[in-house]
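I opened my notebook beside the viewer and went through a few places one by one. Here is what I looked up.

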Amino acid sequence: MFHYVLFSLLVLTFIGSCVNLCCSWGDHQRLYSASLIVVLSFSVLILMFLCRMFAVKAQDRAIRVRRTCGIMC
């Protein structure tokens, strides 16, 4: 669910926000909110990748500690 559904939703949200930004390029009142939505959706997309990387790093550290403790203990 995390990889397929969340990633797909975030990519579609980012693409939709970019389309919204392009459509509101001439209107100055909508331009600020459209650009803010693009920045926020991009930030959430980066946050998803960072959360996954941090979880994998923590898992790797736990495996490394378990292996060294098993050899030394």
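**Ser24 and the loop**

I began with the contacts of Ser24: leaving aside its neighbours within four places in sequence, Ser24 touches Arg30, Leu31 and Ala34, where contact means heavy atoms within 4.5 Å. Ser24 sits in the loop between α1 and α2; helices here are DSSP runs (H or I, at least four residues), numbered from the N terminus. Ser24 is buried, at a relative accessible area of 1%. For the record, buried means under 20% relative accessible area, exposed over 50%, and partly exposed in between, with a 1.4 Å probe and protein chains only.

A note to myself on the source: this is a predicted model, in which local features need pLDDT of at least 70 and side-chain atom pairs count only at pLDDT 80 or more, while totals for chains, interfaces and linings use all residues. Residues are numbered from 1 along each chain as its sequence is written, and side-chain values use heavy atoms, with hydrogens and water left out.

**Helix α1**

Next I checked the length of α1 (residues 2–23): its 22 residues should span 32 Å at 1.5 Å a residue, and the end C-alpha atoms are 31 Å apart, which agrees. The expected span is 1.5 Å times one less than the number of residues.

Which residues of α1 are buried? I found Leu10, Ser17 and Leu21. They cover an arc of only 40° around the axis, so they lie on the same side of α1; the arc is that of the directions from the helix axis to the C-beta atoms. On the other side of α1, I noted Tyr4, Leu12, Cys22 and Cys23 as exposed.

**Phe2**

Leaving aside neighbours within four places in sequence, Phe2 is in contact with Phe7, Met48 and Arg52. Phe2 and Arg52 are 50 residues apart along the chain, yet their C-alpha atoms are separated by 9.5 Å.

**Helix α2**

I then moved to Val44, which lies in α2 and is partly exposed at 38% relative accessibility. Its C-alpha atom is 14 Å from that of Val5, 39 residues away along the chain.

Last stop was Phe54, also in α2 (residues 28–72). Is Phe54 buried or exposed? I have it as exposed, with a relative accessible area of 51%.

Note on methods:
Helix = DSSP H or I, 4+ residues; strand = E, 2+ residues; numbered from the N terminus.
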